[in-house]
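Thanks for making time this morning.

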Amino acid sequence: DAIIFSILLWSFPMYTLSSKGQNLFCRLIGAKPIERLDHRELVTQPIENIIKNARARGLNLPKNVEIHLIKHELPIAYAVGMNRIVVSESLLGEPDYLESKIMFELNRIHNQSPNVLLLVIGSNIILVLLCLIVIGVSAINKNYGDSRKSFWTGSSQRRDGAILFYT
């Protein structure tokens, strides 16, 4: 069991850095690729200029840095994986803050240290799903109260308490 658990712990960060893992996190937080033409002009062009300046300053960045947009009231940007940046719509309204925040996230990509918050969110989701599976399996296979009465037949105080616990 410990070997399987350690393999899962080792493979999870590898998955989060893959393209599918980055897509999963973008979907989890509600970030979408920029599709509208007016958003492409307002968002993509300034950020691509910042990326071009960052490369000129010596940052080693991938050729295809994707920009995703999220609706959020706080001006935020996140480096998701090694080639995606998530930008909030409210950050676009503050051009002075935009460049510094994007440069910070580009430095994360350059240093190969994407945002840890997304790893924590993903690991918590996996942990909750595993706990729900364990609770579900134990609820089906466990007998409560009198050993002749299962969870599904008969009635006992222990069964009623177990139903409250699992709920």
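This is a predicted model: local features need pLDDT of at least 70, side-chain atom pairs count only at pLDDT 80 or more; totals for chains, interfaces and linings use all residues.

Let me start with helix 5, which covers residues 95–110 and spans 22 Å from its first C-alpha to its last, close to the 22 Å expected at 1.5 Å a residue. Its buried residues are Leu98, Lys101, Ile102, Met103, Glu105, Leu106 and Ile109, and these pack against helix 3 (37–56), strand 3 (77–80), strand 4 (84–88) and helix 4 (89–92). After the helix comes Gln112, whose phi is positive, near 55 degrees.

You will have noticed charged residues in that buried list, among them Lys101 and Glu105, which brings me to the salt bridges, of which the count comes to three. Glu105 forms one with Lys101, with the closest N and O atoms 3.7 Å apart, and these two residues sit four apart in helix 5, about one turn of the helix. Glu105 also meets Arg108 in a salt bridge, at 3.6 Å from N to O, and because Glu105 and Arg108 are three residues apart in helix 5, about one helical turn separates them. Through shared partners, the salt bridges join Lys101, Glu105 and Arg108 into one network.

Arg84 counts as buried, at 4% relative accessibility, while Glu66 is partly exposed, with a relative accessible area of 31%.

Asn83 lies in the loop between strand 3 and strand 4, and since its relative accessible area is 14%, under the 20% cut-off, Asn83 is buried. Leaving aside residues up to four places away in sequence, Asn83 touches Gln22, Pro62, Asn64, Val65 and Glu66.

Last, the second largest pocket, which holds about 240 Å³ of space. Strand 1 (32–33) and strand 2 (66–70) each supply at least two residues of its lining, which by class has four nonpolar, two polar and five charged residues. Among the lining residues are Lys32, Glu35, Arg36, Lys71 and Glu89, together with His39 and Gly30.

Note on methods:
Residues are numbered from 1 along each chain as its sequence is written. Side-chain values use heavy atoms; hydrogens and water are left out. The expected span of a helix is 1.5 Å times one less than its number of residues. Buried means under 20% relative accessible area, exposed over 50%, partly exposed in between (1.4 Å probe, protein chains only). Contact means heavy atoms within 4.5 Å. On a 1 Å grid over the protein atoms alone, a cavity is a set of points where a 1.4 Å probe fits but cannot get out, and a pocket is an open set with protein on both sides within 12 Å along at least five of seven lines; lining residues have an atom within 4 Å of a point. Grid points are joined across faces, edges and corners, and a volume is the space filled by probe spheres set on the points. Ala, Val, Leu, Ile, Met, Phe, Trp, Tyr, Cys and Pro count as nonpolar, Asp, Glu, Lys and Arg as charged, and the others, Gly among them, as polar. A salt bridge is a side-chain nitrogen of Lys or Arg within 4 Å of a carboxyl oxygen of Asp or Glu.
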